[in-house]
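Student: Could you take me through one part of this structure up close? I would like to see how the residues there are placed.

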Amino acid sequence: MPFDPKKVEKASSVEKQLSSFKAPCRGCSKKVTLAKMRSHVTSCAKVQEQMANCPKFVPVVPTSQPIPSNIPNRSTFVCPYCGARNLDQQELVKHCMENHRNDPNKVVCPVCSAMPWGDPSYKSANFLQHLLHRHKFSYDTFVDYSIDEEAALQAALALSLSEN
């Protein structure tokens with residue numbers, strides 16, 4: 001069921017537990033109820049001092065993906081029928097099924113056209129079927145956009161051989 005922030009109900013039993021249990025602050029060791037721990041930690045001088053001395057985040061290993069700058073947006077898309085914006089793949093499918101199920105127009109798939117191999121002028125004869133069959137997963141999970149098709153095939157073959 002989709003999350004609706006307007007229909008959130010507080011879990012009173014959890015709130016009661018958070019208000020009754022105390023734990024020591026990781027900075028000053030003062031015992032504070034769990035319900036008030038977050039606000040205490042943000043104002044505790046010892047915690048702030050510890051945070052200032054913490055090393056800054058550094059990736060464990062270098063990433064193969066380039067640092068985002070002029071990289072095309074492949075996370076959200078525009079509906080090719082009505083122009084609705086900021087739809088992820090699942091939202092695009094849902095939106096089109098609910099609002100454009102019977103639209104006979106041929107349209108360009110915004111997901112495909114955002115891909116390096118996509119043809120931004122190709123219009124799908126049956127866009128909804130295309131969406132349902134071709135975009136069941138997010139490409140970001142499986143694709144390194146910085147390498148070409150041959151390099152990707154070689155990497156996949158090498159990985160499959162090393163796993164056996």
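Tutor: Happy to! Let's start with a nonpolar surface patch of about 330 Å², formed by Val14, Leu18, Phe21 and Leu34. A patch takes residues with over 30% relative accessible area and no salt bridge, joining like charges within 9 Å and nonpolar side chains (Val, Leu, Ile, Met, Phe, Trp, Tyr) within 5 Å. Accessible areas come from the Shrake-Rupley method with a 1.4 Å probe, and for residues only the protein chains shown count as cover. A salt bridge is a side-chain nitrogen of Lys or Arg within 4 Å of a carboxyl oxygen of Asp or Glu.

Before going on, please note that this is a predicted model: local features need pLDDT of at least 70, side-chain atom pairs count only at pLDDT 80 or more, and totals for chains, interfaces and linings use all residues. Residues are numbered from 1 along each chain as its sequence is written, and side-chain values use heavy atoms, leaving out hydrogens and water.

You will find phenylalanine 21 in the loop that runs between helix H1 (12-20) and strand S1 (22-24). Helices (H or I, at least four residues) and strands (E, at least two) are DSSP runs, numbered from the N terminus. With a relative accessible area of 47%, phenylalanine 21 is partly exposed. On this scale, buried means under 20% relative accessible area, exposed means over 50%, and partly exposed lies in between (1.4 Å probe, protein chains only).

For contrast in topic, look at the charged side chains: the structure holds one salt bridge, where glutamate 98 meets lysine 94 (3.8 Å, N to O).
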